[in-house]
Amino acid sequence: FKRLGRSLPHSSASQYNAKGVRHIARSSLRPGDLVFTVRDGRIRHVGIFAGNNQMWASTQTGDVVRKQSLSGRTLKFGRVS
């Protein structure tokens with residue numbers, strides 16, 4: 001996002017609540033949108049929507065980024081404006 005002139009905070013919860021992130025419905029998802037995982041009612045992780053029910057994300061700090069399924073997760077979505 002920085003290469004595109006957009007600035008996002010570091011933490012996933014801060015990104016979800018950032019001024020430049022508009023919350024969107026799952027039906028509005030486009031590749032490049034943000035996918036936030038929710039656990040215990042809190043934003044825990046963020047990935048980038050890749051299309052076809054997939055997102056790009058790492059599973060933990062220090063892991064490689066790879067495609068992951070959106071299935072079986074509680075999710076919220078955002079678009080950087």
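User: Is Asp 40 buried or exposed in this structure?
Analyst: In this predicted model, Asp 40 is found in the loop between β2 and β3. Its relative accessible area is 66%, and exposed means over 50%. Asp 40 is therefore exposed.

User: Near what value is phi of Asp 40?
Analyst: Most residues other than glycine have a negative phi. Asp 40, a residue other than glycine, has a positive value. Phi of Asp 40 is near 55 degrees.

User: Near what value is phi of Asn 53, and where is the place of this residue?
Analyst: Asn 53 is partly exposed, with a relative accessible area of 29%. Its place is in the loop between β3 and β4. Asn 53 also has a positive phi in a residue other than glycine, near 60 degrees.

User: Which residues does Ser 69 touch, not counting residues up to four places away in sequence?
Analyst: Ser 69 lies in strand β5, residues 66–69, and is partly exposed, with a relative accessible area of 30%. Its C-alpha atom is separated by 9.0 Å from that of Trp 56, 13 residues apart along the chain. Not counting residues up to four places away in sequence, Ser 69 touches Asn 53 and Gln 54.

User: Which residues make up the largest nonpolar core?
Analyst: Nonpolar side chains tend to be buried together in soluble globular proteins. Here the largest nonpolar core has nine residues. They are Ile 24, Leu 29, Val 35, Phe 49, Met 55, Ala 57, Leu 70, Leu 75 and Phe 77.

User: Which elements each supply at least two residues of the largest nonpolar core?
Analyst: The nine residues of the core include Met 55, Ala 57, Leu 75 and Phe 77. The elements that each supply at least two residues are β4 (54–57) and β6 (75–80).

User: How many residues are in the other core that lies apart from the largest one?
Analyst: Among the residues of this other core are Leu 34, Phe 36, Val 38 and Ile 43. The other core lies apart from the largest one and is of seven residues.

User: Which residues does Leu 29 touch, not counting residues up to four places away in sequence?
Analyst: Leu 29 is one of the nine residues of the largest nonpolar core. Not counting residues up to four places away in sequence, it touches Ile 24, Phe 49, Leu 70, Phe 77 and Arg 79.

User: Why is the pair of Tyr 16 and Phe 36 classed as it is?
Analyst: The count comes to one aromatic pair. The ring centres of Tyr 16 and Phe 36 are 5.1 Å apart and their planes stand at 80 degrees. Planes over 60 degrees apart count as edge-to-face, so this pair is edge-to-face.

User: Is Thr 37 buried or exposed?
Analyst: Thr 37 lies in strand β2. Leaving aside neighbours within four places in sequence, Thr 37 is in contact with Arg 42, Ile 43, Arg 44, His 45, Met 55, Arg 73, Thr 74 and Leu 75. Its relative accessibility is 11%, so Thr 37 counts as buried.

User: About how much space lies in the largest pocket?
Analyst: Rolling a probe the size of a water molecule over the atoms shows where empty space is left. For the largest pocket, this space is about 450 Å³.

User: Which residues that line the largest pocket are the closest to its centre?
Analyst: The lining has 20 residues, which divide into nine nonpolar, 11 polar and no charged. The closest to the centre are His 10, Gln 15, His 45, Val 46 and Ser 58.

User: Which element gives the largest share of the lining of the largest pocket?
Analyst: The elements that give two or more residues to this lining are α1, β3 (42–51) and β4. The largest share is four residues, and it comes from β3.

How values were computed:
Residues numbered from 1 in each chain as written. Predicted model: local features only at pLDDT ≥ 70, side-chain atom pairs only at ≥ 80, totals over all residues. Heavy atoms only, no water. Core = buried A, V, L, I, M, F, W, Y, C linked by side-chain atoms within 4.5 Å. Buried < 20%, exposed > 50% of the residue type's maximum accessible area, 1.4 Å probe, protein only. Contact = heavy atoms within 4.5 Å. Phe/Tyr/Trp six-rings, centres within 6.5 Å; stacked < 30°, edge-to-face > 60°. 1 Å grid on protein atoms, 1.4 Å probe; cavity = no way out; pocket = protein on both sides within 12 Å on 5 of 7 lines; lining within 4 Å. Points joined across faces, edges and corners; volume = space filled by probe spheres on them. Nonpolar A, V, L, I, M, F, W, Y, C, P; charged D, E, K, R; others polar.
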